[in-house]
Each structure stands twice: as structure tokens, then as C-alpha cells.
Amino acid sequence: MDELRDLYQATILDHNKKPRNFGALENADRKADGHNPLCGDKLTVYLELEDDRVVDVAFEGAGCAISTASASLMTERVKGRRIAEIEEDFCRFHELVTSAPDAPVNIGSHGKLAVFSGVREYPMRVKCATLAWHTLRAAIGNRGTTAKTE
Amino acid sequence: MSDSRPFDVEAIRRDFPILEREIRGKPLVFLDTAASAQKPQVVLDAIQDFYTSGYANIHRGIYQLSAEATRRFEAAREVVQRFLGAADAREIVFVRNTTEAINLVARTWGEENLGAGDEIVITAMEHHANIVPWQMLGERRGTVLRVAPIDERGDVLLDEFEALLGEHTKLVAISHVSNALGTINPLAEMIAIAKERGITVLVDGAQAVPHMKVDVAALGCDFYAFSGHKLFGPSGIGVLYGRLPILDAMPPFLGGGEMIESVTFEKSTYAPVPHKFEAGTPDIAGAIGLSPAIHYLEEIGRDRIATHEHALLVHATEALGAIEGLRLIGTARQKAAVVSFVVDGVHAHDVGTVLDQAGIAVRVGHHCAQPLMEIFGVPATVRASFSLYNTHDEVDVLAAAVRDTLEIFR
Ligand SMILES: Cc1ncc(COP(=O)(O)O)c(C=O)c1O
């Protein structure tokens with residue numbers, strides 16, 4: 001089961017059980033729904049912005065451990081950050097989960113999100129890991145549309 | 001006539017070369033036959049042989065090779081005819097799969113015979129392939145879709161089904177066996193109820209033909225659809241059975257070569273059935289590969305396979321049912337060897353990934369039956385489906401891996 005411990009690291013299991021920033025955000029000025037039609041995962045991301053800075057963020061919904069933990073860790077990551085920085089975070093995260101399984105992981109640049117490096121071994125799970133991020137970007141764009149991983 | 005030969009599952013496994021594969025360093029435990037079945041060597045050989053030494057287009061060439069290919073293709077049609085108990089080989093239309101078969105009926109028979117306010121009755125456990133084509137027809141023609149409910153075990157409520165059938169009901173379209181629950185529907189009774197009222201009946205047999213003997217004449221349905229790939233045959237070939245008078249009266253489906261009698265720029269006339277519905281070059285190798293798949297199953301014996309599968313079902317139901325925190329979805333009285341379940345606090349996808357790590361292939365998701373998942377209040381289930389090549393050891397491997405899942409997520 002060691003390989004599985006690489007995917008389901010303690011941090012992921014913890015955020016799955018006790019997701020942070022979970023629930024609707026009263027003062028949200030932007031929100032978006034995300035849907036992974038393949039597995040039925042659904043979540044909503046709420047944002048409170050001041051100029052180009054995310055001052056508060058929350059999510060709610062139901063999904064697998066990977067998508068729930070990813071949403072939870074994402075909210076921790078982006079709270080207080082500027083939109084341009086979040087865009088960089090997204091690109092870096094996307095690269096992390098889609099890179100070759102044996103590529104070196106620069107823990108420093110990913111911080112806590114490095115726990116998702118195990119997803120690289122499971123290409124079918126990449127969409128679970130990125131659903132929250134796609135939804136966050138939709139909320140930032142306030143496109144009011146449902147973000148899809150397809 | 002009972003068949004007393006012992007069921008030698010190890011010998012059967014040797015007929016399926018893919019079962020020698022390892023996945024992530026473990027022997028493959030293939031429990032997703034309901035999605036698509038693996039192929040025995042005889043099917044692989046037939047395809048290889050056809051492409052190697054017998055290939056040509058059919059119904060076209062004057063030359064010997066084409067005549068041979070045509071003969072083999074049409075012989076496959078006769079094999080399917082016998083297999084389904086159809087009265088006439090012309091009642092067998094080759095299509096790509098179950099989905100195409102049902103769409104063909106909706107597009108041709110449906111367009112021709114149904115109009116605004118006419119009702120189509122399905123059950124709550126249908127695959128999207130037996131829901132969406134009727135909704136699309138409704139958008140074009142104003143037909144109404146009615147859904148017969150099921151109980152918490154996953155059995156159709158026969159009284160409610162019967163009560164739904166009224167003067168506006170023009171079609172009953174039902175699955176023989178549910179892919180998501182394994183429920184074997186009381187098809188003979190349901191057809192009899194529809195037929196008393198003169199209603200046309202289509203059966204989605206995708207999950208039935210791999211498990212049981214089907215006799216369309218005895219059933220008395222008007223249409224019966226299945227996919228070759230679920231029957232241990234190639235992917236890309238499927239079958240629509242239709243009663244001859246109905247097929248005869250139906251307009252063609254796609255237009256083009258093979259389906260015509262004569263063509264002028266003013267008007268074309270159509271070939272007789274079944275070729276009227278088989279425009280263009282069909283999946284020739286697919287049909288030729290389907291035929292040995294059917295022979296293979298018949299040679300082993302449909303009853304012996306059913307007995308083996310049932311034993312696996314009983315074993316899996318017990319082994320999984322004994323796991324605390326696991327809920328079986330679908331406990332119908334009559335079931336095919338399909339076990340759907342959810343695990344408390346663990347999403348089906350996570351279960352699927354843990355099982356994959358153990359070399360076990362199962363289906364996780366909504367099984368193309370989203371409305372059904374909603375009825376059971378789950379977004380997705382894990383589904384293990386068993387077949388002639390599965391063993392009791394594999395059931396134990398599955399149960400152990402599910403316990404590991406609970407361990408990880410505890
Ligand atoms: C009950 C049922 N109907 C229809 C289908 C569709 O089959 P196909 O994808 O071969 O068209 C399936 C396959 O999953 C099925 O299980």
C-alpha cells in the first residue's frame with residue numbers, strides 16, 4: 001500500500017476529512033460552479049475581492065478525496081493573494097500534476113500543494129485535482145458559467 | 001438437459017490471453033466485463049485470419065474474395081439469428097452497438113409512427129442509451145417520456161408499470177438487465193402486459209445476452225438490441241433484431257451505398273431488409289469476429305456459465321456485504337453477476353484508485369445512469385461485474401482491497 005500512501009498523503013486525507021474554508025461565503029462578490037461530468041463531482045467556489053486581491057475564499061460541494069483536499073488546500077493557498085499570483089499558482093499546480101511521474105518536484109515552489117505530486121501516477125485523477133482550480137478561475141473571471149474539467 | 005461437465009475456470013482463463021497481464025506489478029483482476037468483455041483467442045484468430053487471408057469488401061465484388069467475405073458476413077448474421085431465436089436472418093440488422101440500434105429505431109420507426117402526445121414508457125434503471133434517444137425524439141415530435149419507478153432493492157414496480165400504460169402509450173422501451181444494479185427484469189411479464197394493449201416493445205439487451213439465453217420469438221418483443229463487445233466479440237459491431245413486418249414498414253436510417261436498390265438523381269428505391277438499414281461499408285471483421293464469440297459461449301454452455309456466475313455473485317455479495325461501512329446498491333430478487341456498492345465516507349473514485357493499485361479493474365461512476373444514481377442518493381458507485389473467466393479467489397482479492405480502502409481512509 002506504499003504507493004497509495006504516496007497518493008493519499010496524510011495532508012490530503014486530513015483536508016478531505018476536515019476541509020478548510022468550507023461552506024458558502026456570505027459576502028462573496030463572485031462565485032462559480034464546477035462540475036466533473038465523468039465522476040459527478042460538483043463544487044462551488046466563492047470569492048471576496050478587494051481590487052485584485054482575494055480577501056476571502058470558500059468552497060462547498062461533494063467530491064472524492066483528491067478533489068475535496070485540492071479545493072481545501074487551494075483556498076488556503078490563494079487567500080490574500082493577487083489574481084496575477086493566483087494565475088501563476090494555477091499554472092505551477094497544473095504542471096505539477098501533469099508532469100512525468102519521475103520528474104523532480106521542487107517542494108519550495110509548491111509549498112503544501114506538493115502533496116499532490118502523487119496524482120501524476122494516476123492520469124485519470126488529474127481532473128479531480130484541478131477541478132477546484134478551474135472553478136476558481138471561472139469565479140475570478142466571473143463568467144457565471146459552470147467550469148468543466150472536460 | 002443438464003450439462004455435467006465440470007466448469008474448468010482455469011482452462012477458460014487460458015483462452016483469454018489478456019488475463020496474463022500484470023497491472024502495477026499485480027495480476028490483472030478484471031471485474032469490468034459489464035463495461036466491455038475481454039476477447040477469447042478464437043475471436044482474435046478469426047479477425048486476424050479474415051484480415052490476413054480473406055479480406056475484401058462485401059456485396060460489391062464479382063471476384064471470389066469478395067464473394068467469400070460476403071458469405072462469411074452473412075453467415076455471421078445467421079449465427080446471430082439462431083443465437084437470438086429469430087425466425088428469419090433478415091430480422092438481424094448489423095449496427096455499431098446498442099446505442100446505435102436504439103437510435104435507429106427512434107429515428108426511423110419513431111419518426112414515422114409517433115407524434116405529439118404519444119407516450120414512451122421506460123424504467124427508472126435505464127442506461128442513457130435508452131433515455132436520450134427518446135428525449136431527442138420528444139424534442140422533434142412532441143412525444144412524452146414516462147418512467148416506471150423501482151423499489152429500494154432495484155426491482156421494477158410492476159403494478160405501477162402497468163398503470164402507466166394507457167391509450168397514449170405507443171412504445172415500451174426497457175432494459176432486460178440493468179448495467180448499474182444487475183437487476184434482471186421480469187421481461188416476459190412486462191412484454192405480456194404491453195402486448196395485451198397492442199404496444200410496441202423494444203428491449204435493451206446489452207447486459208442480458210452475455211449472461212443468459214435469450215429467445216426473442218418466445219419473448220414476443222418487437223425490437224431487441226445488443227452490443228458485440230459485451231458478448232466477448234469485437235468492439236464496433238452490434239445487433240438490432242426487429243420483427244420482419246415492422247422492419248419492412250420502417251423507412252431507412254442512413255442513406256448511401258449498400259442500402260439502395262436503384263438510384264437516379266430524381267429518386268432512389270431502397271434495398272430490402274436488413275440491407276436497407278446497413279448503409280455504407282459495415283464492420284465486416286466485427287461481424288466475422290462476433291460469430292466465434294457466440295460459438296465459444298455456446299460450446300462452454302450458457303447454463304454452466306450462468307451457474308458459475310451466480311456462484312460468484314453469491315460469494316461477492318456475502319464477502320462485500322460483510323464489510324462494515326459498505327452498502328450494496330441494487331439487491332433485486334433476480335440479479336446478474338453485477339455488484340454495485342458505496343463505501344461510507346469514501347468516494348467511489350478513491351475506492352477505484354485503491355483497487356486499481358491492487359490490479360483490480362472495476363467501474364466507478366454513474367454507469368451512464370445518472371437518474372438512477374439520484375434515486376439511490378449517491379453520486380457514483382463502485383461496480384464489480386463478474387464473468388465466466390473470473391474466480392472465487394478474485395472475489396477475495398476484491399474484498400481484501402476494499403478493506404484496505406477503509407483502512408487508508410479511516
Ligand atoms: C444496459 C445498457 N444499455 C446500453 C448500453 C450501451 O452500449 P454501447 O455503448 O455498446 O452502445 C450499455 C453499455 O454500457 C448498457 O449497459
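For the residue classes in these legends, Ala, Val, Leu, Ile, Met, Phe, Trp, Tyr, Cys and Pro count as nonpolar, Asp, Glu, Lys and Arg count as charged, and the others, Gly among them, are polar. Please keep in mind that every view shows a predicted model.

**Figure 1. The ligand and its shell in chain B.** Welcome to the ligand site. Around the ligand stand Asn97(B), Thr98(B), Thr99(B), His127(B), Ala129(B) and Asn179(B), along with Asp204(B), Ala206(B), Gln207(B), Ser227(B), His229(B) and Lys230(B). Sorted by class, this shell holds eight polar, two nonpolar and two charged residues.

Figure 2. Which kinds of protein atom meet the ligand here? Gln207(B) places a polar side-chain atom 2.7 Å from an oxygen atom of the ligand. His127(B) also uses a polar side-chain atom, at 3.1 Å from a ligand oxygen atom. Thr98(B), by contrast, takes part through its backbone, with a polar atom 3.4 Å from an oxygen atom of the ligand. On its own the ligand has 390 Å² of accessible area, and the protein covers 89% of it.

Figure 3. By class, the lining of the largest cavity has three charged, two polar and two nonpolar residues.

**Figure 4. The largest pocket, with residues of both chains.** Here we turn to open space. The largest pocket holds about 490 Å³. Its lining counts 19 residues, and those closest to its centre are Met124(A), His349(B), Gly352(B), Val362(B) and Val364(B). The elements that supply two or more lining residues are α12 (348-357), β15 (360-361) and β16 (363-365), which belong to chain B. Which element gives the most to the lining of the largest pocket? That is α12(B), with four residues. The lining residues divide into nine nonpolar, six polar and four charged.

**Figure 5. The second largest pocket, also lined from both chains.** About 320 Å³ of space lies in this pocket. Of its 14 lining residues, Gly40(A), Lys42(A), Glu374(B), Val378(B) and Pro379(B) come closest to the centre. Two elements give two or more residues each: β2 (41-50) of chain A and α13 (370-376) of chain B. Here α13(B) contributes the most, with three residues. The lining of the second largest pocket has seven polar, four nonpolar and three charged residues.

Figure 6. Let us step back for some context. Chain B contains 14 helices and 17 strands. Its radius of gyration is 22 Å, close to the 22 Å that the globule rule gives for 410 residues, so chain B is as compact as a globular protein of that length. Along the principal axes, its C-alpha trace spans about 70 × 55 × 40 Å.

Methods: Residues are numbered from 1 along each chain as its sequence is written. Chains are lettered from A and ligands numbered from 1 in the order in which they are written. This is a predicted model: local features need pLDDT of at least 70, side-chain atom pairs count only at pLDDT 80 or more; totals for chains, interfaces and linings use all residues. Side-chain values use heavy atoms; hydrogens and water are left out. A residue is near a molecule or strand if one of its heavy atoms lies within 4 Å of it. A polar contact is a pair of N or O atoms within 3.5 Å; within protein, one must be able to donate a hydrogen and the other to accept it, and residues adjacent in sequence count only if both atoms are side-chain atoms. Accessible areas come from the Shrake-Rupley method with a 1.4 Å probe; for residues, only the protein chains shown count as cover. On a 1 Å grid over the protein atoms alone, a cavity is a set of points where a 1.4 Å probe fits but cannot get out, and a pocket is an open set with protein on both sides within 12 Å along at least five of seven lines; lining residues have an atom within 4 Å of a point. Grid points are joined across faces, edges and corners, and a volume is the space filled by probe spheres set on the points. The radius of gyration is taken over C-alpha atoms; the globule rule is 2.2 Å times the number of residues to the power 0.38.
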